[in-house]
Amino acid sequence: MEQIPSIKESKISDVSQAQLGLALAFPLFTIVALGIDSVYFFYHYFDGRQITNLLAVGYFLLMYFTSGIHLRKLMFVMVFLSYLGEIIFCKLLGMYSYRAEMIPLYVPFGHAIVYASGYIFAKTSFADRKDKELRVFFAVSFVIIFLFVGITFSDIFTLIFGLFFFLLLKRKRWENMYYFIALCVIMIELAGTYFKCWAWTPRIFGYLPAANPPIGAVFFYAGGDVLLAKIVALWDRKNPVSKI
């Protein structure tokens, strides 16, 4: 007699090798792509922004077409949601600025890649098996990171919005996916500011001291992720899907 999978077993997402491979290659891709758009590359070779744009769109398409319907919807909506966020946080609020005046084309596609990478990591069987352990590990690690950055670099912005990040996760029942995405965000922020592709203002909103980058910015990404999930949930009401 065929054994019926338990509820817990049925929660394990079917992450393909192609998806996982692209997610694992995300750090290397980030370093290469942002390195080509760096200030160093610009002054020693040429303006590589268009190459980075092509790389980001290409990588996005690879992740998009190796994913299931639900993740495709998330990535598709994320591109437009991310661009809207860039207009608000970069242009209107002036929280950070890019190497050139224009918002790079690769940025909204890059945000979708960041989201998809964290999402894929969170849907692996490993993440499912170690769910409780990872929640404790992530919570302790992020507390340490926020406090270290906040105290060492006098980053008041990170101390405040790091707290908001935890309050948001509490409402989302400490779902590990937000931690995985936050790790990808931290990685791309560190790379982007290191290569001087963008820089955060030292006083956000005009008065909050912040490092470059302020790790507490993960709160805004997490908030965007929540909004993204709600938008796609509305989309899914007409065409419900279960695959990633």
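This is a predicted model: local features need pLDDT of at least 70, side-chain atom pairs count only at pLDDT 80 or more; totals for chains, interfaces and linings use all residues.

Me: Changing topic: at what angle do α10 and α11 pack?

Reply: The angle is about 145°, and the axes of the two helices are 10 Å apart. Helix α10 covers residues 156-171.

Me: Which residues meet there?

Reply: From α10 the residues are F165, F166 and L169, and from α11 they are Y178, Y179 and A182. Six nonpolar residues make up this contact of α10 with α11, with no polar and no charged ones.

Me: How many aromatic pairs does the model have?

Reply: The count comes to 38 aromatic pairs. One of them joins F138 and F180: the ring centres are 5.1 Å apart and the planes stand at 80°, above the 60 degree limit, so the pair is edge-to-face.

Me: Where in the chain do F138 and F180 sit?

Reply: F138 belongs to helix α9 (residues 131-152) and F180 to helix α11, so the pair links distant parts of the chain, 42 residues apart.

Me: Are those two buried or exposed?

Reply: F138 is buried, at 3% relative accessibility. F180 is also buried, with a relative accessible area of 12%.

Me: Then F157 and F205: why does that pair count as tilted?

Reply: The planes of F157 and F205 are at 55°, with the ring centres 6.4 Å apart, so the pair is tilted. F157 lies in helix α10, whereas F205 is in the loop between β3 (203-204) and β4 (208-209), so the pair ties together parts that are 48 residues apart in sequence.

Me: And how accessible are F157 and F205?

Reply: F157 counts as buried, at 0% relative accessibility. F205 counts as partly exposed, at 35%.

Me: Which residues do ring pairs link into a cluster?

Reply: The cluster consists of F121, F137, F138, F142, F146, F165, F166, W174, Y179 and F180. Two members were named above in the edge-to-face pair, F138 and F180.

Me: W174 is in that list. Where is W174 found, and what is its phi?

Reply: W174 is found in the loop between α10 and α11. Its phi is near 55°, a positive value in a residue other than glycine. W174 is partly exposed, with a relative accessible area of 33%.

Me: What is the phi of K196?

Reply: K196 has a phi near 60°, which is positive although the residue is not glycine. K196 lies in the loop between α11 and β2 and is exposed, with a relative accessible area of 54%.

Me: Which residues does the cis peptide bond join?

Reply: The cis bond joins N212 and P213, with omega at about 10°. P213 is in the loop between β4 and α12.

Me: Finally, some C-alpha distances. How far apart in space are G21 and S117?

Reply: G21 and S117 are 9.8 Å apart, C-alpha to C-alpha, and 96 residues apart in sequence. G21 has its place in helix α2 (residues 17-24) and is partly exposed, with a relative accessible area of 35%.

Me: What separation do L24 and V79 have?

Reply: Their C-alpha atoms are separated by 21 Å, and the two residues are 55 residues apart along the chain. L24 is in helix α2 and counts as exposed, at 55% relative accessibility.

Note on methods. Residues are numbered from 1 along each chain as its sequence is written. Side-chain values use heavy atoms; hydrogens and water are left out. Axes are lines fitted to C-alpha atoms, for helices over the stretch in contact, and angles run from 0 to 180 degrees between N-to-C directions. Helices (H or I, at least four residues) and strands (E, at least two) are DSSP runs, numbered from the N terminus. Contact means heavy atoms within 4.5 Å. Ala, Val, Leu, Ile, Met, Phe, Trp, Tyr, Cys and Pro count as nonpolar, Asp, Glu, Lys and Arg as charged, and the others, Gly among them, as polar. Rings of Phe, Tyr and Trp (its six-membered ring) pair if their centres lie within 6.5 Å; planes under 30 degrees apart count as stacked, over 60 as edge-to-face and the rest as tilted. Buried means under 20% relative accessible area, exposed over 50%, partly exposed in between (1.4 Å probe, protein chains only).
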